[in-house]
Amino acid sequence: MKVIEGLEKLQRLGTSVITIGNFDGVHIGHRKIIEEARKKAEELNATFVVLTFDPHPLFVLKPENINGLITPLPVKKRILEEMGVDVLVVLKFDETLRDSQPEVFFRKVLIDRIGVSAVILGSDFRFGKDQKGNVELVETLSKKYGVFFKKIDPVTIDGEKVGSNKIRKLLLDGEIRRANELLGRPFTIVGKVVYGAGIGKKIGFPTANLAFLENQILPKNGVYVTETEFQGNYLPSVTNIGFKPTFNYNRICLETHILGFNQDIYGMELEVRFYERIRDEQKFDSVEGLKTAIAEDISKARAFLSRLQANALFTKSTISRSIPI
């Protein structure tokens with residue numbers, strides 16, 4: 001997949017099919033849109049283009065309404081590549097782009113710069129000044145410029161529309177199973193292993209402390225059943241998110257204990273996939289009490305992952321095995 005970052009680097013691609021969106025999470029609703037665009041590109045023997053924005057527009061328009069990203073840009077790039085995207089265009093979202101006139105953007109960027117032959121959009125797509133660039137306008141402009149247009153209806157589950165805002169709320173509430181259902185894959189955090197206080201190793205449960213990607217949303221503090229990818233293999237693990245209250249930490253940490261694993265992995269990038277929330281993070285009166293709780297967490301994680309494997313609830317993650325941060 002070719003990645004073009006910035007409007008100034010855009011060059012005419014010729015016959016191409018494009019879909020546009022933030023696609024945070026690349027959830028099952030996004031996948032429906034992207035798959036339709038991919039099929040159209042195959043039909044036309046065209047270049048399959050996805051146009052997205054960085055930062056997420058909400059960070060500019062309504063920063064109080066976003067608590068972080070489900071898929072920071074490096075993760076989103078890998079997912080889109082594995083979905084068969086030929087060219088990913090990343091435009092910086094700023095005041096200039098926010099205030100652009102929809103028809104001017106459509107003509108100058110999509111028609112003149114890229115040379116699109118088809119546009120596939122989700123039904124709630126908006127862009128341009130005062131967000132006047134809705135799908136109805138894009139359909140009108142597509143007819144004007146001789147471009148194929150198709151609107152994709154949202155995906156609903158139990159009568160509720162699947163959306164990134166809903167998934168973010170589920171994550172913040174610790175409802176991992178439901179979030180995974182809407183994502184169509186396990187929620188994933190990618191980070192680099194950094195040095196911590198070494199407490200886990202001292203008490204017999206060594207952990208990998210992850211420096212996660214910027215703007216990454218974190219699930220509700222607590223202990224989770226996870227799998228951690230190492231050299232292409234998914235290993236059972238238990239992951240804690242929080243402030244380690246037993247030891248009076250004052251900053252949030254993400255640390256994962258890989259079961260039966262004790263290798264030096266400092267500086268490596270790990271992918272942690274979340275499946276189930278076991279319990280709240282809690283302060284213990286003694287280290288022995290903490291150790292007993294961790295042993296119980298591990299037992300629950302083993303049982304859950306055994307059932308998961310038996311039932312084949314999820315396929316392998318679509319996220320690449322190595323994502324630089």
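Modeller: Buried here means under 20% relative accessible area, exposed over 50% and partly exposed in between, with a 1.4 Å probe and protein chains only. The model is predicted, so local features need pLDDT of at least 70 and side-chain atom pairs count only at pLDDT 80 or more, while totals for chains, interfaces and linings use all residues. Residues are numbered from 1 along each chain as its sequence is written, and side-chain values use heavy atoms, with hydrogens and water left out.

Biologist: What makes helix α8 (residues 176-183) largely enclosed by the rest of the structure?

Modeller: Of its 8 residues, 6 are buried, and therefore α8 is largely enclosed by the rest of the structure; the buried ones are I176, R178, A179, N180, L182 and L183. Helices (H or I, at least four residues) and strands (E, at least two) are DSSP runs, numbered from the N terminus. Just after α8, G184 takes a positive phi of about 80°.

Biologist: Why is E271 called buried?

Modeller: E271 has a relative accessible area of 1%, and the limit for buried is under 20%, so E271 counts as buried. This residue is found in strand β14 (residues 269-279).

Biologist: What joins the side chains of E271 and Y234?

Modeller: Their side chains are joined by a polar contact of 3.3 Å, the term being used for a pair of N or O atoms within 3.5 Å, where, within protein, one must be able to donate a hydrogen and the other to accept it, and residues adjacent in sequence count only if both atoms are side-chain atoms.
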